[in-house]
Amino acid sequence: MGNTKHTGPIKLPGKPDPTLWVSKIPFGLGKVKPKHIRDTIKVMADNRDNLPYALRILTQGVCDGCALGVSGLYDQTLAGPHVCTTRLNLLRLNTMPAIKPDVLHADIDELRKMDSTALRKLGRLPYPLIRRNGERKFSRISWDEALDLIAERIRKIDPKQLAFYLTARGITNESYYVAGKVARFLGTNNIDNASRICHSPSKTALKRSVGIGASSCNYKDWIGTDVLVFWGSVAANNQPVSTKYMYAAKRKGTKIIVINPYREPAMDGYWVPSIAESALFGTKLADDFYQVNIGGDIAFMHGIMKHWFAMEVEKPGSAIDRKFIREHVNGYEELRQHVKQQDWAQLERSSGISRERMAEFAELLAASKSGVFVWSMGLTQHRFGTDNISQVANLALLRGFLGREHCGLMPIRGHSGVQGSGEMGADPFSLPGGEYKGADIPRVESVWGFKLPPWQGDIVGVTLENALLPEDHERKLNVFYTSGGNFLETMPDPDFVRQCLEAIDVRVHQDIVLNTSTLTDAKEAVIVLPAMTRYEQPGGGTSTSTERMVYFSPEIAGPRIEEARTEWQIYCDLAARVDPERAALVRFKDAHAVRAEIAKAAPNYDGIQHLKNKGDVFQWGGAWLCEGGICPTKDGRGQLISVELPELRKPEGHFYITSRRGKQFNSMLYSSKDPFNAADRYDVLMSKSDAAKHGVTEGEAVVLYNSCGTFHGRARFAEIADGNLGLYWPECNPLVPKKVYEPFAGIPEYNTAVVLERAETYHALKDTRYVEKRIAELDQEISDEE
């Protein structure tokens, strides 16, 4: 923890800087770019039946989109109003009326004809629903009937056969906290959340390297740092308001470097709509791109360190902050010896970056007195995700970029609710304010007043797999209770996921809208419970931003879905029905009472009990974690980790794929066209040189396949590293292997090797067992590498 307090927002420069302009043509006319004005007008039209309420949400509520932490129209980084199209796109979820009864109660096959975008546009869930096995449509059911039915089913099963899951859809800290408490009250530790599927390796790696599980710094530290590095993160696309911070950083002379296989147009230049100069002429953001191979980041970072250690031989102190290492870091000599053994040729081959370019970046970092490293799912969603982040931490520790202004490690969060989810204990490895082990267990038991399940819970991927276990297995999933989430569109191998969902006896979908997962069958019944949004919850709610700011979002006056209920209250009511004799242990008078208990159960959150008015906010941990280089580890020191170089598992002539986000929020799509490159959802981003090698022309139909599945798309030339392909998520999920998890954090891997064929060739030869032969060759070559 640090003692220095965040100093609040700063002003942007008043005068323009033409050297940063993307184009002298106003508004980027003729260029492929987001149409912010057009999109804003469309949002206004979509919300025209509820414009006053929509305006109150924007000006009074905390953003339910990304995790930058915009309260009303303001944040703690920059003075002046902020708004982005991501937040505007989500606005309709909060203002739309209920689904019309004739649509809601139509034949299930009529609803299944719609994709999730069409289902979302139908409107809000109006009241509890049930569809029993064999029934063709949803029927209305009362809250009492629904909760009694769920409670009765829970009482009949082993707690290990019960699981909970929470998505990041605007869910508040209060709901995460109560869900985690209720799950353990009911005897299960099978609870998970969307945050773990994105950033669990970040927490795992940071814990072992520097003893923390969150960003060590603030967004303000971007502004004026010598170098700001985005690693596998497209913040301009996923957190659009961050472009305003990048603009401010550029005006302070910060160099912005992007490490990514694809030269992301959104990070190359961006038209920031809330800055007049940038809205007119755009802003050049990235100073340089290092187009590393998918999965080649560890090799790239080895190359950086190898060059640093060579610099140290020539001139001690020229690359490594020796004083910081001596006073605050363990493992230096072990890491030096490990890196020294790495072969340059192998590092170049694995990373896809030349030795000269690695040396160039190493020298840039060595010459920088400060630096902030930002990363996202481009680093985490690998089977070696924890090692990826440990390598980033190694770089920061070697340079002393920790615990001071303009320095730090930042796993940037995608959604407003995810930072708080693990901190509230809503996953199988966490408890409020700690971990599901050691002294944290009796500490939380003393606050909650009951014993916790003495067994390790399962991550959500394994939980779904458990639905296919034999009926007499102690972990056979019988009741699955999800708050939001659409597993058919977020998990690898959708066909397998559907099989799992349909094998569950009772599924409960607590949500605000329908999605495709809600419509899948269950062995006994699917129960749907209508939830309130964060803006409807009596007593308001809180959420935690990437930079550990805990914001209060008040209840906002407006129309209501009559039977929708506050999420945390639903959990309490269910628990009381399952075990009425102990109901007092999970009963809260109001939202304030929940926050008061959070302050006791999670010491870092002492202060949340005082949040009650619009604009209330506090930051746990101070401005910088590990302030002064002192880490919350046993000896107060950081730990350098020697990481092995992973095999890319990509046979010669094949490709490695990774997923990309277009105009969407998680799996919710808002356009079939990517506003930054005009690509379609089924376009395959590939380099011109790769296309030439395979005889593929732009726009030509191609087929990607492996042992998991097949993807039909069209080639689109892009500035992406050779041997790598970019596909849109979740459309590419059929190619992603199931049951592949990162060993330390359990995150699913979303990258894999594929064969690419021209569609004409694929279809001409598939009946001669050609495809099966190529798949077998691919699998054999991969297994030979392992």
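## Elements and the cis peptide bond

Helices (H or I, at least four residues) and strands (E, at least two) are DSSP runs, numbered from the N terminus. The model described here is predicted. In these terms, P730 belongs to the loop that runs between strands β28 (724-728) and β29 (752-758). The peptide bond that joins W729 to P730 is cis, with an omega of about 15°.

K739 is also placed in the loop between β28 and β29. Its phi is positive, near 60°, and the residue is not a glycine.

## Domains

The domain assignment divides the protein into three domains. Domain 1 is made of three stretches, 123-194, 421-535 and 564-610. Domain 2 covers 200-414, and domain 3 covers 655-761. The centres of domain 1 and domain 3, taken over C-alpha atoms, are 33 Å apart.

## Where domain 1 meets domain 3

How many residues of each domain are in contact across this interface? Domain 1 contributes 14 residues and domain 3 contributes 16. About 1,200 Å² of area is buried between the two domains, and carbon and sulfur atoms give 61% of that area.

Six residue pairs, both members at pLDDT 80 or more, are in polar contact between domain 1 and domain 3. On the side of domain 1 that touches domain 3, the elements giving two or more residues are α23 (460-465) and α24 (494-502). Of these, α23 gives the most, with three residues. By type, the residues on this side of domain 1 are seven nonpolar, four polar and three charged.

## The salt bridge and D493

The rule finds one salt bridge across the interface of domain 1 and domain 3. A salt bridge joins the side chains of K738 and D493, with 3.5 Å from N to O.

D493 sits in the loop between β15 (479-483) and α24. Its phi is positive, at about 55°, although D493 is not a glycine. Is D493 buried or exposed? D493 counts as buried because its relative accessibility is 11%, and the limit for buried is under 20%.

N677 lies in the loop between β24 (668-669) and β25 (683-686). This residue is buried, with a relative accessible area of 11%.

Which residues does N677 contact, leaving aside its neighbours within four places in sequence? The contacts are V32, Y262, P265, R660, L685, R716 and Y728. Y262 and P265 have numbers that fall inside the 200-414 range of domain 2. R660, L685, R716 and Y728 have numbers inside the 655-761 range of domain 3.

## Helix α26

Helix α26 spans residues 591-601. Its buried residues are A591, V594, R595, E597, I598, A599 and A601.

At the start of α26, D590 and H592 come together: a side-chain oxygen of D590 reaches to within 3.2 Å of the backbone nitrogen of H592.

Technical notes. Residues numbered from 1 in each chain as written. Predicted model: local features only at pLDDT ≥ 70, side-chain atom pairs only at ≥ 80, totals over all residues. Heavy atoms only, no water. Domains from an automatic or database assignment. Contact = heavy atoms within 4.5 Å. Buried area = accessible area lost by both parts, 1.4 Å probe. Salt bridge = Lys/Arg side-chain N within 4 Å of Asp/Glu carboxyl O. Polar contact = N/O pair within 3.5 Å; in protein donor to acceptor, adjacent residues only side chain to side chain. Nonpolar A, V, L, I, M, F, W, Y, C, P; charged D, E, K, R; others polar. Buried < 20%, exposed > 50% of the residue type's maximum accessible area, 1.4 Å probe, protein only.
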